[in-house]
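The coordinates come first, and the text follows.

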Amino acid sequence: MITVYDARGEAMVIDAASAPATIPEDIVWIDMLRPDRAEDHMIERYLQIEIPTREDLKDIEPSSRMYTTPDAVFMTASLVCRADSGHPDITDVAFVLARGKLITVRYDEPKAFDLFRAGLPRIVGGCSNGALMLARLFETISDRTAEILEQAVASLDKLSQQVFGDRTQSKRRPPHYLEARLLDVASHHRLVAKTRDSLASLSRVLTFLYTVPALQETREAKELCRTVTRDVQSLTEHASFIFGNITFLLDASLGLISVEQNAIIKIFSIASVVFLPPTLVASLYGMNFEVMPELHWTYGYPMALVAMVVSAIVPFYIFRWKGWL
């Protein structure tokens, strides 16, 4: 699907079956969502440039992700998509500046594009050219990334409370409670890792974009690009800080699991030590030797029971006195 926008944000959908002979001159942004080859050829015919394919977007070589030709500037950035779901991912989006227009080629739907389309008509003065449109779009992408990190911080704060619990309550955790929290930590780890990858990609693209002559010719776009670059650097540092918190939460969860397991092992160890002396007494008087005077005592059986109880109680109180219980 191809949607075109003018400087004021007015949209129009075009397709290859009923394509106009030429694209209107007031069109500033051409958004190509999951285009097929017919739609690629249509835009190539309009602008006399080569549209990147899905295979081109997957190329990881820097020279293939950012380059210029006599007619256009090509950039590919990795953006976070489906961040609000439980399965965030990275999608590659191509940004092309050609003949004063911005062309975006994408095969997924990052939320930043929906936010930008919704806010485009509210931009004072509109976006007069593709370079300014691209700078505004990157500003929205940066704002959306900041929103993702803010949501991650709020979720991690709740998760931290669940892991460490309320110290005023002595209620025991249900079985496998912390193991379930490890899955939540892994989910946050994936989201923040994807966001860091996206920020690194945006930083490279913005550095390259700042040197593009089409951007340097528009003062507003140039200043906006400089501001977005600083925002991306700040967000990268913030993402690293959040990543450190996630690592701490992961280590703390594993440590608490080990503490709970050690407590269980300690209970079994103490129980075995407590019941060891009574077992020894019972073993002594369970032997079948003929010469055992205690076997003929009238109070031999009660005395054996008392000896077993005392031998169990004494170690128990010794452990309590030592603070091991």
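Is Arg 34 buried, partly exposed or exposed? Arg 34 counts as partly exposed, at 41% relative accessibility. The classes use a 1.4 Å probe on protein chains only: buried is under 20% relative accessible area, exposed is over 50%, and partly exposed lies in between.

This is a predicted model, in which local features need pLDDT of at least 70, side-chain atom pairs count only at pLDDT 80 or more, and totals for chains, interfaces and linings use all residues. Residues are numbered from 1 along each chain as its sequence is written, and side-chain values use heavy atoms, with hydrogens and water left out.

**Salt bridges**

A salt bridge is a side-chain nitrogen of Lys or Arg within 4 Å of a carboxyl oxygen of Asp or Glu. By this rule there are 16 salt bridges.

| Pair | N to O distance |
|---|---|
| Asp 31 and Arg 106 | 2.6 Å |
| Arg 34 and Glu 109 | 3.3 Å |
| Lys 194 and Asp 89 | 4.0 Å |

The side chains of Asp 31 and Arg 106 form a salt bridge at 2.6 Å. Asp 31 sits in strand S3 (residues 27–33) and Arg 106 in strand S7 (residues 101–106), so this pair ties together parts 75 residues apart in sequence. Helices (H or I, at least four residues) and strands (E, at least two) are DSSP runs, numbered from the N terminus. Asp 31 is buried, with 3% relative accessibility, and Arg 106 is buried at 3% as well.

Arg 34 and Glu 109 meet in a salt bridge at 3.3 Å. Arg 34 belongs to the loop between S3 and helix H1 (37–47), and Glu 109 to the loop between S7 and helix H4 (111–119), so the pair ties together parts that are 75 residues apart in sequence. Glu 109 is partly exposed, at 40% relative accessible area.

Lys 194 pairs with Asp 89 at 4.0 Å. Asp 89 is partly exposed, at 25% relative accessibility. Shared partners join Asp 31, Arg 106, Asp 114 and Arg 117 into one network of salt bridges.

**Sheet**

Seven strands make an open sheet with mixed pairing, in the order S2-S1-S3-S7-S6-S5-S4. Strand S2 (11–14) and strand S4 (66–68) stand at the edges with a single partner strand each, so one side of each has no neighbour in the sheet. From one strand to the next the twist averages 20°.

Two strands pair if DSSP finds at least two bridges between them. S6 and S7 are antiparallel and share six bridges, and Phe 95 has Thr 104 in S7 as its bridge partner. Strand S1 (residues 2–6) and S2 also run antiparallel, joined by four bridges. Tyr 5 stands opposite Ala 11 in S2. The hairpin of S1 and S2 has four residues between the strands, and Gly 9 there takes a positive phi near 95°.

**Helix contact**

The axes of helix H5 (residues 130–164) and helix H8 (residues 219–284) come within 9 Å and cross at roughly 20°. Axes are lines fitted to C-alpha atoms, for helices over the stretch in contact, with angles from 0 to 180 degrees between N-to-C directions. H5 is therefore roughly parallel to H8, a class that takes angles under 35 degrees.

Terms used: Angles under 35 degrees count as roughly parallel, over 145 as roughly antiparallel, 65 to 115 as roughly perpendicular and the rest as oblique.
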